[in-house]
Amino acid sequence: MNQVAIEGHIRYFQSLLPATAERRVLFADGRRGTRSVQFLDGEQTRYRAPRLPRIDGATTRPGFDAIWRRFVHARPADPLLLYFAGHGSPDPGHDLDNNVFDLWGGGALSVRDLAARMKELPAGTPVVLVMAQCYSGSFANLLFEGGRPDGELVERDIVGFFAATRDRPASGCTPEIDEADYTDFSSFFFAALSGVDRLGKRVDGADYDRNQLVGMNEAFAYALLHQETGDVPVATSDVFLRRYVNKPDHETMATPYSRVLSWSTPAERAALEGLSDALGLHGEHRLRAAYHREFGPGVGRRDVEDVDSAHRLRFIRLAESVVLARTLRQSGNRARIERFERLRAAEARNPLVEVRAASQARQDSRRRAAR
């Protein structure tokens with residue numbers, strides 16, 4: 001099940017990093033000679049050896065633990081970006097708050113497994129997660145102690161962007177070799193964040209606030225708007241709001257659309273307007289109309305590959321997050337509001353720009369020292 005698209009996702013992401021940026025890559029069994037990559041040759045499924053620029057270990061529990069000890073622990077002050085580009089599964093015990101990332105050979109890394117490892121890091125180490133696997137939204141629970149949704153909020157600056165809610169699969173694992181056909185969440189996310197897609201073409205239009213920098217929040221909105229699949233992506237701020245703001249759906253969906261837009265960030269507004277147009281929604285009551293179409297009486301179970309349904313869910317969830325954020329800011333709970341704003345500010349960063357700047361600064365420092 002190690003489809004060639006997974007290899008392509010990793011190669012694309014590596015191409016976005018400066019050559020001097022420190023990174024480690026875990027892939028399959030960690031060996032270059034194993035024919036571990038599945039691809040389609042016409043209608044025939046075949047396997048070949050990996051063609052990645054670097055492989056540092058196996059995607060197994062020992063491989064992950066070794067990288068964590070030798071690489072991550074050795075750089076306690078450095079920001080950490082974790083990109084997961086493989087498969088994911090629901091928790092075997094049916095706890096959707098503790099889903100797993102599938103490891104090579106049948107192992108698994110759960111939300112709480114990763115939470116335990118992250119607790120080993122110094123509290124000041126900021127972490128960004130981008131997870132492309134099925135059922136990945138469960139990993140937003142890393143916001144909370146032990147990875148448990150009822151745990152206390154962690155102090156660490158941690159943000160994450162996930163291809164799917166905790167109960168849905170995600171696209172992007174295909175044996176097709178033509179990368180022009182890849183429509184997974186992380187490809188859109190990183191294309192917007194970097195300004196270059198996986199085919200090397202320039203990507204414009206994601207700088208919604210026109211500040212000359214595309215933040216992760218804007219890249220997330222870009223993916224919500226442009227990804228034509230059944231994915232329903234999730235951000236950490238969405239999970240934060242649903243944990244700490246209790247507002248019934250019927251109240252949220254009764255909010256006039258003009259008010260939702262007035263409370264939205266430029267990125268949220270662009271995604272809401274684009275999704276609304278794509279869905280043919282009109283008028284002040286379009287939140288209620290979308291909700292009724294998706295969850296109203298007589299509506300049966302939707303196919304997870306239904307793109308229109310996925311777009312409605314994206315529209316509904318985004319509008320709900322806007323309303324919940326407004327409710328939180330009016331609550332008077334200063335500590336919680338400050339923590340939310342800190343989270344949103346972290347989501348607006350661009351780690352690719354930051355790592356390029358850090359790499360350039362190191363090069364400049366070495367040049368000065370050599371004079």
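In which helix is the place of Ser-237? Ser-237 sits in helix α6, which covers residues 236–244, where helices (H or I, at least four residues) and strands (E, at least two) are DSSP runs numbered from the N terminus. Before I go on, please keep in mind that this is a predicted model, in which local features need pLDDT of at least 70 and side-chain atom pairs count only at pLDDT 80 or more, while totals for chains, interfaces and linings use all residues. Residues are numbered from 1 along each chain as its sequence is written, and side-chain values use heavy atoms, with hydrogens and water left out.

Back to Ser-237, then: is Ser-237 buried or exposed? Ser-237 counts as buried because its relative accessibility is 6%, given that buried means under 20% relative accessible area, exposed over 50%, and partly exposed in between, with a 1.4 Å probe and protein chains only. Leaving aside residues up to four places away in sequence, Ser-237 touches Phe-340, Leu-343, Arg-344 and Glu-347, where a contact means heavy atoms within 4.5 Å.

Let me turn to the strands, two of which pair if DSSP finds at least two bridges between them. Strand β8, residues 158–162, is mostly covered, since 5 of its 5 residues are buried. From β8, Ile-158, Gly-160 and Phe-162 point one way, whereas Val-159 and Phe-161 point the other way, and all of them are buried. Strand β7, residues 127–131, runs parallel to β8 and is joined to it by 5 bridges, with Val-128 having Val-159 as its bridge partner in β8. Strand β9, residues 234–235, runs antiparallel to β8, and 2 bridges join them; here the bridge partner of Phe-162 is Val-234.

There is also an open sheet of 3 strands, in the order β4-β5-β6, with antiparallel pairing. Its edge strands are β4 (88–89) and β6 (108–110), each of which pairs on one side only. Strand β5, residues 100–102, pairs with β6 over 3 bridges, and Phe-101 finds its bridge partner in β6 at Leu-109.

My last topic is charge. Side chains of opposite charge can pair when their charged atoms come close. How many salt bridges does the structure hold? The structure holds 24 of them, a salt bridge being a side-chain nitrogen of Lys or Arg within 4 Å of a carboxyl oxygen of Asp or Glu.

One of these joins the side chains of Asp-41 and Arg-46, at 2.8 Å from N to O; Asp-41 is partly exposed, with a relative accessible area of 39%, and Arg-46 is likewise partly exposed at 39%.

Another salt bridge is formed by Arg-112 and Asp-95, whose closest N and O atoms are 3.0 Å apart. Arg-112 lies in helix α3 (residues 111–119) and Asp-95 in the loop between β4 and β5, so this pair ties together parts that are 17 residues apart in sequence.

Asp-157 and Arg-342 also form a salt bridge, with the closest N and O atoms 2.8 Å apart. This pair links distant parts of the chain, as Asp-157 is in the loop between β7 and β8 and Arg-342 is in helix α12 (residues 334–347), 185 residues apart. Asp-157 is partly exposed at 32% relative accessibility, and Arg-342 is partly exposed at 31%.
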